[in-house]
Amino acid sequence: MKKYSNIFINIFYVPLIFISLLGILENLLTQISNMSKWSAIFLNFLIFGIVFLYILKNIKVPILNGKIFNYLKTYNKMLIIIGLTCVVLWQLYLVLALSGFNIWDPGMIIYKAMKKPIWVKDYFSYNPNTLFLMFYEHWVWIAFNKPSIQHLTIILNLINLSIFDFSLVVLYKMLKEKISKIVLGFSVLLMGITPWYCIPYSDILAFALSVFTLYLLLSLHNKKSISRLIEIGSIFTIDYLVKPSLVIVFIAYFIVRAFLGGIKLNRSNVVRSLIIIITIFLELSLFNVYKFNNSIVEIDKNKALPMMHFADMGIQGKGGYYLPDVLHDYAIKDPDQRKKEDIMIWKERFEKMGILNYESFLIRKQVINTVDASFNWDKNDIFLKPYRKKITLLKLLGNYF
């Protein structure tokens, strides 16, 4: 049954990976054709490094190979500790060097967390999914005796970094030995040494929460106590409040378990499910009471943007943020009318494209979303303005971020 489950998943997964790889090749060819001298130097080091490792692995040089591999085998743990220490020091350097201000959502959230006025009126009424993050940053601000925005940003980024690194340890321990080192290596290379955690927002927290959620769900096989069920209900609540799309981890888990025949409808499982559901209901209810009775921001629930609003933006242009859609929904005061018009807009855009053009659009969108991953780091003045003015190393490595 597991074999068929993997085949079913790969029907969707493999084409997406294949599309991304094709997009990456196109992107790399464009970058290579416009390569600067510093990029050429970097590429040369990379190529020679790969060739050198290949020679060491495949050409038999008894004295050289014996010494090197015996040395690596003897001092393997020490080298790993040194390597991880260097990674952590680099992470701390990036946080201290790059922590800065972002004019978009992260900036509005941290401003409101410090009870400062923000430049988009009723932002949190229109985007209630960011409320929990704002309250969290406000509680951190209070806990650290109301620091300046510069110091609060660094504190939040250090907390983000600590949570992220801990989640990598959990991920490594949770996976099977055969793939744990590979997953850890890619996680460090793609996220651990790049500056994703230098902006206080939900992305790094979402990665960590996904790991913690999966760990708790998998632990149900060995530990079915009431406390563990409450923990699972609580992590679901936090997942939903930090980034609603994180509930997909639960959905995926239960689909796979059901497909493998691991979920049985009996009295014991029904009781466990009820404990999880009641925990979620109580915690979300408490949050909603706090949401409408806090001293930081007033919320008008009639202004909340529906899910179809984001679906509308996702079916136009490049599938990203689209200001006309935002202004259109801001102008509609009735929430029911807003939902109806958003559904109508989506249908009109889909019908105008047609099924084949829509498929082509989704392929382009997959490429755009996955091949670059620069996250607008090239637009420093707009995306991130570091509080530190002179960062020599940042200028040197900016393009490679």
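This is a predicted model: local features need pLDDT of at least 70, side-chain atom pairs count only at pLDDT 80 or more; totals for chains, interfaces and linings use all residues.
Visitor: How many disulfides turn up in the structure?
Guide: For a disulfide, two cysteine sulfur atoms have to lie within 2.5 Å. The search covers the whole structure, and its count of disulfides is zero.

Visitor: Which helix gives the most to the lining of the largest cavity?
Guide: The structure has three cavities of 30 Å³ or more, and the largest holds about 50 Å³ of space. Strand 1 (100-101) and helix 5 (105-113) each put at least two residues into its lining. The top contributor, with three residues, is helix 5.

Visitor: How many charged residues are in that lining?
Guide: Among the lining residues are F101, N102, I110, T153 and Y387. Sorted by class, the lining has six nonpolar and four polar residues, and the number of charged ones comes out as no residues.

Visitor: What share of the contacts with a separation of 6 or more joins residues 24 or more positions apart?
Guide: Some background on the chain: there are 18 helices and two strands, and 33% of the 401 residues count as buried. For contacts with a separation of 6 or more, the share from residues 24 or more positions apart is 71%.

How values were computed:
Residues are numbered from 1 along each chain as its sequence is written. Side-chain values use heavy atoms; hydrogens and water are left out. On a 1 Å grid over the protein atoms alone, a cavity is a set of points where a 1.4 Å probe fits but cannot get out, and a pocket is an open set with protein on both sides within 12 Å along at least five of seven lines; lining residues have an atom within 4 Å of a point. Grid points are joined across faces, edges and corners, and a volume is the space filled by probe spheres set on the points. Helices (H or I, at least four residues) and strands (E, at least two) are DSSP runs, numbered from the N terminus. Ala, Val, Leu, Ile, Met, Phe, Trp, Tyr, Cys and Pro count as nonpolar, Asp, Glu, Lys and Arg as charged, and the others, Gly among them, as polar. Buried means under 20% relative accessible area, exposed over 50%, partly exposed in between (1.4 Å probe, protein chains only). Contact means heavy atoms within 4.5 Å.
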